[in-house]
Each structure stands twice: as structure tokens, then as C-alpha cells.
Amino acid sequence: MTVITAADPVLAAPRSRVERRRPAWLSIPLRFLLPTLIIAVWWIGSATGAVSEQVLAGPPRVWTAFTELLDSGQLVDFALASFVRAALGVAIGVTAGLVLGLLAGLSGLGEELVDSTMQIVRAVPFLALVPLFIAWFGIDELYKVLLIAVATVAPMYAYTYLGVRNVDRKMVEAARGFGLRGPRLVLEVILPSALPGILMALRVCLSISITGLIAAEQVGTREGVGYLVTLAQEYNRTDYMVLCVVLYALLGLVFDGLVRIIEKFAMPWRKQVAIR
């Protein structure tokens, strides 16, 4: 029988596995710290004359442009039109990319049928398709939505394909041992395992959709942030130009917030990995 003496090292108590969250009063200001510093430098530069108002309008002028458009009702209409176009295009592109990625990832025959075509789509810059899409679909809403869809389908396909192929085979075999087959195996084992890659693809697709939206709204548009950019260029209104950049940035934040909400409920274990 082993006797523990005072000279023996004392075992350290195990670390608590309880997540330590930074308090909200500190976390929220940290998120806005860098944007606030950028705005402060921008404001100081325009106020002191270091940055010409003809080159970059200062925050007061941009705020005035914002209030003008808000009072006229155009700001809400333009922002809503751009959001609807982007949402529809992303929905079509993400759905198609997800289905094709699952098909190629789960089946050798599916990969042979789909992968080469998707690699071609991925290699061709979607901006090069603008003239063709205008010739095929005109300059109405269909052209804009389809351009955004084409821009987002390739990233979703690639991430979904890699996510499915990287699923642990032992986990799949174990699930089969418990009787899971066919659609249940895909929905209950493969998709949850590939979910981190799929959600990362969604984040990338939403970012790319902003670029597609900018390109789509430059032609044949009477509503949308892109139309506002065109007007600002024609009249050399740098305040409107900066406001459009801010609106696109806010649209990107909205999309990112939606993905974060999905991640919070779909993958609650991810937050435990972060070092607080």
C-alpha cells in the first residue's frame, strides 16, 4: 500500500470547465472600439483640412446626406430593394451550391458529373458574365438576382464538398452500425459534421453577394444603393458616395449577424473553444 507523505507533490485541482464570459459592459465597447477610432481619425482629418472635402466628405456632410435621403423616404426604399435582391440571389446560389456539394461529396458518380463544371464556374469571374447576362435576361430584376446567385454558388459548393469529404469515416460507420441509412444518415450525421464548413461558406457567400450586388445595380436600376452610387458619380457628390459605402458595410453587418445567430443555435459548442 502506497502512503502519501508531505514531501510528495500535491495534485493540482482540475480547471473548471465552466465557460468564462467577458461581461457585456466590456465586450460591447470592445467590438466598437476600432470602428470608433477610424471614424475619429476621419472626422479629425476632415475638420482640420488634412483631407479635402472634394476627395472625402467628412462625417457631418455624410450625416446631412443621410438625413436628406431618410426624410425623403428614398433611403429606406433603396436599402430595402438592395437587401431583397441580395437575399434572393444568395438563397438561390446557396441552395444550388449546397445540393451540388452534397451530391459530389456523397457520391463518386455525382462528383464525376458535377465537379468539373463547378470548377469551371469557380474559375470564371462572375463580373465577366455581366454583358452576357444582360443580353440573355435583359436589365430587369432577373438579371440582378441571377448574377448574385452565380457569384455565390461556387463558394457554397466548394466548402460543402470539402466539409462532407472531411467527415470522420469512423463516425459514419458507427452511425450505420446503429441502423442509420440514406437520408437519416445524411441529415443526422454527415450534415451536422460538415456544418462548420457550410456556415463558413455562407459567410463567404454573403460577402461576395455584396460585390455582385454592386455590379448588378450599376445597370438598368432605378432603386437600390447601386443606383444611388451612380447618381453620386454623375453629380460628384462625395458625401453620397461615402454614404453608399456605409450602407453596403451595414448590409454586410446584417448578413454577418444572421450567420452568427445561426451559429449560436446550430453549433453551441463552438463558443467554448474561444479564449476569453
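What follows is a chat about aromatic pairs and nonpolar cores in a predicted model.

Colleague: How many aromatic pairs does the structure hold?
Modeller: Seven in this predicted model. Take F133 and W136: their ring centres are 5.9 Å apart with the planes at 35°, so that pair is tilted.

Colleague: Which helix are F133 and W136 in?
Modeller: Both lie in α5, residues 130–137. They're three residues apart, about one turn of that helix.

Colleague: OK, and is F133 buried or exposed?
Modeller: F133 counts as buried because its relative accessibility is 7%. W136 comes in at 56%, so W136 counts as exposed.

Colleague: Which residues do ring pairs link into a cluster with F133?
Modeller: W136 and F137.

Colleague: Switching topic: what lies over the face of Y240?
Modeller: That's R237, at 4.4 Å from the ring centre.

Colleague: Now the largest nonpolar core. How many residues has it, and which have the most contacts inside it?
Modeller: It has 46 residues, and the ones with the most contacts inside are M156, L185, I190, L202 and L228. Several helices each supply at least two residues of this core, including α2 (59–72), α3 (74–106) and α10 (238–266).

Colleague: Where does the largest share of this core come from?
Modeller: From α8, with 14 residues.

Colleague: What is I190 in contact with, leaving aside neighbours within four places in sequence?
Modeller: L106, V164, V167, V172 and L185.

Colleague: And what lies apart from that core?
Modeller: Another core, of nine residues. Among them are L129, A215, A216 and our friend F133.

Conventions:
Residues are numbered from 1 along each chain as its sequence is written. This is a predicted model: local features need pLDDT of at least 70, side-chain atom pairs count only at pLDDT 80 or more; totals for chains, interfaces and linings use all residues. Side-chain values use heavy atoms; hydrogens and water are left out. Rings of Phe, Tyr and Trp (its six-membered ring) pair if their centres lie within 6.5 Å; planes under 30 degrees apart count as stacked, over 60 as edge-to-face and the rest as tilted. Helices (H or I, at least four residues) and strands (E, at least two) are DSSP runs, numbered from the N terminus. Buried means under 20% relative accessible area, exposed over 50%, partly exposed in between (1.4 Å probe, protein chains only). A charge sits over a ring if NZ of Lys or CZ of Arg is within 6 Å of the ring centre and within 35 degrees of the ring normal. A nonpolar core is a set of buried Ala, Val, Leu, Ile, Met, Phe, Trp, Tyr and Cys residues joined through side-chain atoms within 4.5 Å. Contact means heavy atoms within 4.5 Å.
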